[in-house]
Amino acid sequence: MKKVKILWTDDEIDLLKPHIIFLESKGYEVHTSTNGYDTIEMVSQQSFDILFLDENMPGLTGLETLAKIKEVAPHVPVVMITKSEEENIMDEAIGSKMADYLIKPVNPKQVLLSIKKNVDQKRLVTEQTTSAYQSQFGKIGMQINDSFTIEDWKEVYRKLVFWELELSNSEDNTMNDVLQMQKNDANNAFARFVKKNYSEWFKPENSEERPLLSPDLFKKRILPQLDKQKKVFVLVIDNLRYDQWRDLVPMISEEYNIASEELYYSILPTATMYARNAFFAGLMPSEIAKHYPEHWVDEDEEGGKNLKEKELLEEQLKRLGRSESMFFDKVSSLRTDKKVKDTVTAIQKHDLSVMVFNFVDMISHSRTEIEVVRELAKDEKAYRSLTRSWFQHSNLYELLKQLAELNITVMLTTDHGSIRVQNAVKVIGDRNTNTNLRYKVGKNLNYNKKQVFDITKPASIHLPAPNVSSSFIFATESDFIAYPNNYNHYVNYYKDTFQHGGISMEEMIIPLITLKAR
């Protein structure tokens with residue numbers, strides 16, 4: 001391992017010889033200087049991991065030296081050491097972006113602690129996190145093998161996301177690879193679980209045992225919350241995975257307490273046309289097509305598939321006998337401060353407010369189509385980072401801050417997640433077959449039955465069939481569906497892109513969060 005390189009500047013450096021010997025005995029490489037001018041020159045000519053700088057020196061003072069150092073090496077942490085505890089000196093040092101502040105006389109343990117905080121922290125975090133995950137690896141593996149219920153799989157996914165986020169701060173790529181293999185094993189077992197149980201969930205005798213699904217949310221979660229509160233704001237962020245939500249928690253927690261965090265299951269296909277329409281209608285897709293044909297557009301028909309969400313929600317509220325006033329908006333982003341202000345005003349005037357944000361889904365699709373976005377979101381960690389950056393600088397975040405001040409309850413959720421696809425499976429279909437990479441619906445599909453989850457009777461899982469002989473097939477794990485024509489180009493283009501519509505924990509097990517203002 002590379003030695004940590006320290007530069008210690010003090011006009012009485014000889015008196016610090018015991019400290020230097022102590023640090024060298026701990027494996028650190030220590031260089032010294034007696035004045036600010038030499039320090040600046042040394043920092044200009046070579047790199048150091050951390051600097052210790054005496055504040056009270058003849059010639060250039062410590063603060064003046066610090067200012068010059070930040071010009072040539074702005075990212076190197078500088079620890080100021082001084083005899084003075086005067087507040088103005090501390091303020092100046094802090095304003096100059098020093099990393100730490102020690103008061104003389106310092107002892108070796110203080111110095112060592114400062115090094116560990118500012119230089120060794122990432123290495124120590126990596127070691128601790130790696131060790132902790134290694135101790136849990138076997139237990140998670142056993143839990144994957146012993147998961148037979150809806151709740152079992154929620155808990156497995158929670159644990160895997162927890163360790164994914166923990167290891168994302170680690171420098172040990174080996175453990176990240178191990179975790180990815182464990183996630184793959186989990187998704188393989190989860191796919192078997194869904195294949196075995198999904199159709200059973202829709203049998204009348206199993207209605208009480210099935211998981212909370214897309215059509216259930218308003219009736220079973222959102223409207224009961226509205227009964228308790230004067231106003232509820234429902235925020236639907238399209239295509240938001242559970243790990244992306246957990247990554248946003250530190251920002252959201254500045255304004256809100258997380259009153260509840262629940263996971264529910266998206267219906268199949270895990271695609272906007274099906275899952276989100278079911279969410280707003282409170283009905284499965286075949287029931288929407290039957291009862292509200294004017295609001296449903298089949299796969300093989302022209303036109304937008306999600307243009308009637310407000311109308312579907314209004315119909316659901318009417319069926320449930322609700323009379324609350326409702327505000328509904330669907331946006332790609334809140335573009336101006338005036339728009340935020342107008343939205344807040346509208347939310348204040350209504351009992352139930354619903355907004356759909358498509359930006360995360362846009363990132364996912366743009367990543368497939370635009371090379372620079374693909375580079376920015378090259379893996380799960382980068383995808384989360386891009387989502388976090390968007391949210392931090394979005395007017396949606398500003399909207400949530402303002403709603404917190406008004407003490408309006410927020411229920412944040414999504415319609416489905418996405419998975420980074422890796423492996424192509426060949427399917428042959430006619431020209432009317434849909435284009436989604438994670439599921440296909442058509443009447444002449446030719447496929448390997450072992451590679452997909454096929455439903456030859458769509459009505460059994462409450463899906464409408466464009467034709468009497470139509471069937472659905474769903475990709476599982478990290479597979480995606482490719483046609484034999486121009487196969488290699490197709491595979492290379494779509495491999496490593498984020499897709500949705502099929503069966504994986506990332507797509508199906510998704511968050512429902514209740515937020516209360518602090």
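Asn239 sits in the loop between β6 (232-237) and α9, where helices (H or I, at least four residues) and strands (E, at least two) are DSSP runs numbered from the N terminus. Asn239 has a positive phi of about 70°, although this residue is not a glycine. With a relative accessible area of 0%, Asn239 is buried; buried stands for under 20% relative accessible area, exposed for over 50% and partly exposed for what lies in between (1.4 Å probe, protein chains only). The model is predicted: local features need pLDDT of at least 70 and side-chain atom pairs count only at pLDDT 80 or more, while totals for chains, interfaces and linings use all residues. Residues are numbered from 1 along each chain as its sequence is written, and side-chain values use heavy atoms, with hydrogens and water left out.

One joins Lys104 and Pro105, with omega at about -5°, and Pro105 belongs to the loop between β5 (100-103) and α5. Another cis bond links Leu268 to Pro269, with omega at about -10°; here the proline is in the loop between β7 (256-265) and α10 (272-281).

For the protein as a whole, the secondary structure comes to 19 helices and 19 strands. The C-alpha trace spans about 90 × 55 × 40 Å along its principal axes. Of the 518 residues, 52% are buried. Among contacts (heavy atoms within 4.5 Å) with a separation of 6 or more, 75% are between residues 24 or more positions apart.

Now to the helices. Two packed helices are described by the angle between their axes and the distance between the axes. Helix α6 (residues 150-168) and helix α9 (residues 242-252) pack at about 55°, with axes 10 Å apart; axes are lines fitted to C-alpha atoms, for helices over the stretch in contact, and angles run from 0 to 180 degrees between N-to-C directions. The angle makes α6 oblique to α9, in a scheme where under 35 degrees is roughly parallel, over 145 roughly antiparallel, 65 to 115 roughly perpendicular and the rest oblique. On the α6 side, Tyr157, Arg158, Val161, Glu164 and Leu165 make the contact, and on the α9 side Tyr242, Asp243, Arg246 and Asp247. By class, this contact of α6 with α9 has 4 nonpolar, no polar and 5 charged residues; Ala, Val, Leu, Ile, Met, Phe, Trp, Tyr, Cys and Pro count as nonpolar, Asp, Glu, Lys and Arg as charged, and the others, Gly among them, as polar. Helix α9 is mostly covered, with 9 of its 11 residues buried; among them are Trp245, Leu248, Val249, Met251 and Ile252.

Helix α6 also packs against helix α7 (residues 173-197), at an angle of about 165° and with the axes 11 Å apart. This angle makes α6 roughly antiparallel to α7. From α6, the contact includes Trp153, Val156, Leu160, Trp163 and Glu164, and from α7 it includes Leu179, Lys183, Ala186, Phe190 and Phe193. By class, the contact of α6 with α7 has 12 nonpolar, 3 polar and 2 charged residues.

Helix α16 (residues 380-393) and helix α17 (residues 395-405) have an angle of about 55° and axes 4 Å apart, and are therefore oblique to each other. Here Trp390, Phe391, Gln392 and His393 of α16 meet Asn395, Leu396, Tyr397 and Leu400 of α17. The contact of α16 with α17 divides into 5 nonpolar, 3 polar and no charged residues.

Two individual residues round out the picture. Leu112, in helix α5 (residues 108-145), is buried at a relative accessible area of 14%. Leaving out residues up to four places away in sequence, Leu112 touches Phe22, Leu23, Lys26 and Tyr28. Leu112 and Leu23 are 89 residues apart along the chain, yet their C-alpha atoms are separated by 7.5 Å. Phe327, in strand β8 (residues 326-331), counts as buried at 16% relative accessibility. Beyond its neighbours within four places in sequence, Phe327 is in contact with residues including Thr343, Ala346, Ile347, His350 and Met355.
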